[in-house]
Amino acid sequence: MNANNWGQLITPQLSDLNGAHHLSEEAPVIEAIHLHKEFPLRGTGLLGKSLSVHAVEDTSLALRPGQGTALVGESGSGKTTVARVLSGMYAPTSGSIRFKGQTVNIRRWTEVKAYRRQVQLIFQDPFSSLNPVHTVSYHLSRPLRVHGHAHNAREERQQIISLLERVNLTPAAQFIDKYPHQLSGGQRQRVAIARALAVQPSVILADEPVSMLDVSIRLDVLNLLLRLKDEERLGFLFITHDLASARYFAEETVVMYAGQMMEGGPSEEVIQHPLHPYTRLLLSAAPDPDRIGTDLGAKRAETPDAQLATPPTRGEPPSLIHPPQGCRFHLRCPHAMPVCSQRFPERTDAGGGHWTHCFLYGDNNQISKEDE
Amino acid sequence: MTSQTLLEIKSLSVDYEAASGTVHAVNDVSLTLERGHVLGLAGESGSGKSTLAYAITRLLNPPAIITNGEVLYYRRKNADDTAPIDILELSRSDLRAFRWSELAIVFQSAMNALNPVMNLEVQITDVIKAHNPNMGAGARKERALELLRLVGIAPDRLRSFPHELSGGMRQRAIIAIALALSPEIIIMDEPTTALDVVVQRDILSEILDLRNQFGFSIIFITHDLSLLLELADKIAIMYAGRIVEMATREEIYRQPRHPYTRGLLNSFPTLRGPRRRMTGIPGSPPDLRSVPPGCAFHPRCPYAFDACPKIVPALLHIPTGKATPDALVACHLYDPSLNPDGAESVLDSRPDDHREASQPPQVELSASSDAGGEQ
Amino acid sequence: MQVTNLTDQNIDSSSILSSAKGRRRGILSVLTSNPKIAVGVGTVVFFVLVAIAAPLLTPYDPNATVVNGSLPPSAAHIFGTTGLGQDMFAQIVYGARVTLLIGFTAAIGSTMLQVFFGLTSGYFSGVIGDTLNLIINVFLVLPGLPLTIVLASLASANAATNSNDTVIALVLLFTSWSYGARVLRAQTLSLKERDFVAAARTTGESTLHIIFAEILPNEIALVAATFVGTFVYAVGAEVALEFLGLGNTSQASWGEILYWAEANSALIIGKWWQFVPAGLCIAFLCAGLAFINFGIDELANPRLRVERSRRGRLLSRKSKAVVQ
């Protein structure tokens with residue numbers, strides 16, 4: 001008897017069940033178009049060239065109602081920066097953000113403010129995302145007041161209670177006057193989610209929402225987010241380093257490395273038939289109990305339909321202050337070609353919404369004459 | 001106890017004294033570690049796994065007190081050669097000699113364990129100098145370079161400072177320091193939790209390589225059970241300060257017995273197989289200041305029955321047949337005197353029973369029709 | 001100038017709240033729960049009450065000459081009389097008013113400046129933050145006590161008798177605020193990187209709200225500690241100025257008592273009652289304030305609290321946090 005048979009539930013609403021991997025065709029709510037973000041380093045630039053951290057390069061995303069998009073990458077991949085630019089916390093160095101098809105003019109404060117209302121951020125660390133000196137009630141009342149959702153104290157309290165119930169913190173009256181240090185990690189994260197919901201956004205950006213929680217409560221919180229996505233038709237950007245939870249939660253998965261987008265498409269497609277060497281590396285490195293019995297020190301088990309073998313690749317993500325030229329993965333890639341260090345490959349469509357940026361699959365890999 | 005036993009922990013208990021009362025962080029824990037084996041300790045917050053590790057190495061500070069137990073260390077390979085020594089009873093000078101040369105520890109966050117104002121060479125040679133005062137400076141440096149080579153750090157980083165190294169390299173440096181005196185036991189407390197998944201995989205395979213090369217034993221502490229399933233020979237699962245299950249990794253994977261283990265295994269979304277809604281374990285790990293009576297897990301357990309809130313379950317031996325050692329489970333389902341029907345009947349009849357309010361209306365399927373799920 | 005060491009530790013105002021066990025306990029119970037704070041507050045409150053109740057405590061006018069010359073303590077004059085024949089006890093209790101008032105005014109004003117400059121220079125980056133930081137640094141660099149003396153002596157040369165106190169208070173205020181501002185700035189710089197500040201921004205809070213309603217409450221322990229520290233400094237500096245003769249010499253205050261004691265060579269002659277009572281009062285007041293600061297230290301940093309087990313054993317202080 002297999003352990004994973006315990007607790008199975010199959011819910012008809014869960015999308016992409018055993019077959020159709022199509023993504024929603026609805027118009028996107030939030031779009032990032034060719035976002036580019038650099039952070040200038042202070043202290044440089046007075047004598048000599050000013051340095052900056054090239055955090056995000058030419059990233060485009062579309063978030064649709066009721067659909068989850070997972071942004072997968074390791075540290076330094078730029079995924080958190082993308083989230084913060086999308087939430088309006090940072091202005092992009094170049095590129096634009098569209099809300100319901102209209103470009104948001106970041107120079108006009110009213111437009112930015114209206115945009116920020118539609119996008120809310122949930123942070124990774126439940127211990128630092130709540131202010132330790134304020135109660136749960138305070139945390140939830142602020143968005144209601146700032147955005148005018150409640151007109152008097154009674155309405156406010158009612159809305160706070162209903163928010164707590166939406167995130168399964170019941171009985172609500174028990175939690176209203178608690179301070180963050182009196183709550184467990186999972187409860188704090190739920191309060192953070194409730195706070196985001198209080199603004200009544202169209203899209204929620206969740207930055208590794210469960211990676212700092214205990215394993216046994218991660219699923220609870222993930223399932224809560226799933227319910228919010230499916231029942232309330234919220235759009236989600238789900239940032240994670242764990243491909244398995246990306247598959248569980250999101251219909252679409254995008255893989256980033258060192259600020260560049262490497263591959264993307266329907267989650268099932270990307271995970272079962274990964275194209276980009278980096279995606280394959282991630283998959284081979286992910287903990288997979290089905291591999292049990294294989295000594296870690298020995299040759300890695302191949303994925304079922306690996307066309308390209310992925311040997312163990314040493315190395316870590318590069319510095320973003322002096323990033324490698326061209327495709328930033330080329331230094332670690334077992335299939336690197338000369339053109340990979342010259343320029344970043346164009347997008348290749350593999351069908352069914354699955355795309356990648358890799359010279360192995362397309363984009364005439366001749367070195368262009370200008371680069372010689 | 002066989003000639004292969006290296007470390008034997010007997011009934012170890014650690015309490016924290018606080019003004020509000022006594023907290024039993026580790027409660028009557030018994031374990032054995034064989035030579036050259038990897039013992040995995042899995043648990044979440046409040047399970048006591050880190051406290052256990054620090055107790056073994058006597059790194060606990062007041063208000064933590066070891067209230068009971070022995071930690072027996074068998075140095076010689078022949079069991080009848082010498083009696084074991086109790087680490088908890090060692091004198092301070094013996095303890096100093098014992099530490100690091102026999103037992104080393106790799107801490108969770110390398111950045112906190114490395115001295116930020118000393119370079120790698122100094123930190124490694126310091127350790128060597130402390131235990132081998134007669135070794136010359138040249139020999140020490142040679143040893144340091146050898147250690148760096150073993151863990152995969154380029155020799156030109158010998159004089160680097162911790163902040164100049166990446167996270168993965170820092171962790172490797174810590175492992176190099178742990179290996180400096182060729183210890184018999186290395187305790188690793190969440191050594192790769194803060195690292196990216198690719199680096200983590202690299203470091204874990206290096207650790208196993210080193211183990212194969214040098215034959216030391218490892219106690220690997222982590223909250224990530226899926227990692228242990230690939231890494232450890234034997235896994236002990238802790239909950240609220242007690243061991244609730246201990247078995248080989250095959251047994252844990254193929255036939256998890258304790259409901260908590262089964263819940264944990266069901267808490268990891270899978271990369272392959274059909275996508276379906278999973279349920280994990282409702283509730284959260286208990287606050288050690290107010291542990292539920294009887295079996296600490298019973299409020300979250302879908303199979304709890306009337307004996308569970310009353311009696312603390314003892315570890316029962318379950319024969320697994322073949323040549324593998326018995327599995328140990330602390331669960332009343334396996335106690336024939338309390339549950340005459342046997343565990344399997346209970347576990348099979350109710351494959352899930354979660355009172356998860358957030359779930360939409362469920363379509364329950366019996367276990368058999370989904371037997372093909374993960375294969 | 002006492003600069004607290006609270007920034008070295010991980011100050012967490014929430015630990016003050018956790019000592020109140022989550023229920024809404026008032027300031028009173030927080031104050032009395034810690035013995036050091038209780039002692040310190042008790043001392044300060046005692047002196048405040050003495051100052052307020054001065055007319056009830058003594059029938060004498062502190063400035064009136066009642067006897068000839070300086071008499072040792074007796075039944076009629078508990079603390080004896082000054083060199084000018086004034087009742088010492090009356091001088092002490094009325095003098096408490098002046099000393100406390102100047103100290104308190106300087107401390108309040110200084111703290112307000114500290115909070116304003118410290119928080120804003122820490123929160124704003126770029127030109128605004130740099131400018132505010134520059135202002136703090138300029139005041140920091142000004143030599144405090146010499147400047148104080150110079151300003152006070154200029155003022156006493158020109159001013160009428162009453163405004164002298166105001167001048168002293170203002171001078172102390174302006175020379176002391178920059179230390180605390182620096183400390184608050186450091187704490188703010190660290191706090192503004194916390195996620196809850198970013199969360200407040202994405203919720204749409206205004207900058208003013210974030211600084212004063214989100215960040216400041218987390219720094220209350222530090223603000224309280226620097227307030228108390230400024231108070232101590234103000235009392236000490238004020239006494240010093242008066243001792244040097246830069247204060248209002250015809251007014252009774254603890255510093256003036258010492259001035260006149262020095263002028264009358266009381267130490268040499270052996271007339272100890274001319275300076276010992278005032279000196280002790282100053283010492284006790286400052287000690288009480290210091291106790292309040294120790295208590296705040298303990299409240300804010302749970303690791304410094306002394307835990308007593310149920311069996312009454314005294315366990316070590318600064319014990320490491322629970323390892324888990």
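**Entry 1: the core**

I began with the largest nonpolar core, where Leu86(A), Leu237(A), Ile219(B) and Phe220(B) touch the most other members out of 266 residues. A nonpolar core here is a set of buried Ala, Val, Leu, Ile, Met, Phe, Trp, Tyr and Cys residues joined through C-beta atoms within 7 Å. I noted the cut-offs for burial: a residue is buried if 20 or more other C-beta atoms lie within 10 Å of its own, exposed if 12 or fewer, and partly exposed in between, with C-beta atoms placed from the backbone. Which element gives the most to this core? I found helix H5 (residues 88–123) of chain C, with 16 residues. Helices (H or I, at least four residues) and strands (E, at least two) are DSSP runs, numbered from the N terminus.

**Entry 2: ground rules**

This is a predicted model, in which local features need pLDDT of at least 70, side-chain atom pairs count only at pLDDT 80 or more, and totals for chains, interfaces and linings use all residues. Residues are numbered from 1 along each chain as its sequence is written, while chains are lettered from A and ligands numbered from 1 in the order in which they are written.

**Entry 3: confidence**

I looked up the scores for the complex: the predictor gives an ipTM of 0.80 and a pTM of 0.81. Next came pLDDT, the predictor's confidence in each residue, from 0 to 100. Chain C has an average pLDDT of 80, and 81% of its residues score at least 70. Which element of chain C has the lowest mean pLDDT? I found helix H1 (residues 13–19) of chain C, at 48. Helix H10 (residues 207–215) of chain C has the highest, at 93. Two stretches of chain C stay under 50. One is residues 17–24 of chain C, with eleven contacts beyond four places in sequence. Another is residues 307–324 of chain C, with 30 such contacts. A contact means that the C-beta atoms of two residues, placed from the backbone, lie within 7 Å.

**Entry 4: Phe220(B)**

I went back to Phe220(B) and set aside its neighbours within four places in sequence. Its contacts include Val38(B), Leu39(B), Gly40(B) and Leu41(B). Met188(B), Leu228(B), Leu231(B) and Ala232(B) are also in contact with Phe220(B).

**Entry 5: a sheet in chain B**

I traced four strands of chain B in an open sheet, in the order E2-E1-E4-E5, with antiparallel pairing. Strands pair if DSSP finds at least two bridges between them. Strand E2 (21–34) and strand E5 (85–86) of chain B are the edge strands, each pairing on one side only. Strand E1 (residues 5–18) of chain B pairs with E2(B) over ten bridges. Two residues lie between E1(B) and E2(B) in their hairpin. I checked two bridges: Asp15(B) partners His24(B), and Glu8(B) partners Thr32(B).

**Entry 6: His134(A)**

I found His134(A) in the loop between strand E6 (119–122) and helix H3 (136–146) of chain A. Why does His134(A) count as buried? His134(A) counts as buried because it has 20 C-beta neighbours inside 10 Å. I also looked up Thr253(A), which is 119 residues from His134(A) in sequence and 36 Å away in space, C-alpha to C-alpha.

**Entry 7: chains C and A**

I counted 14 helices and zero strands in chain C. Chain A has ten helices and twelve strands. Of the 324 residues of chain C, 43% count as buried. For the 372 residues of chain A, the value is 49%.
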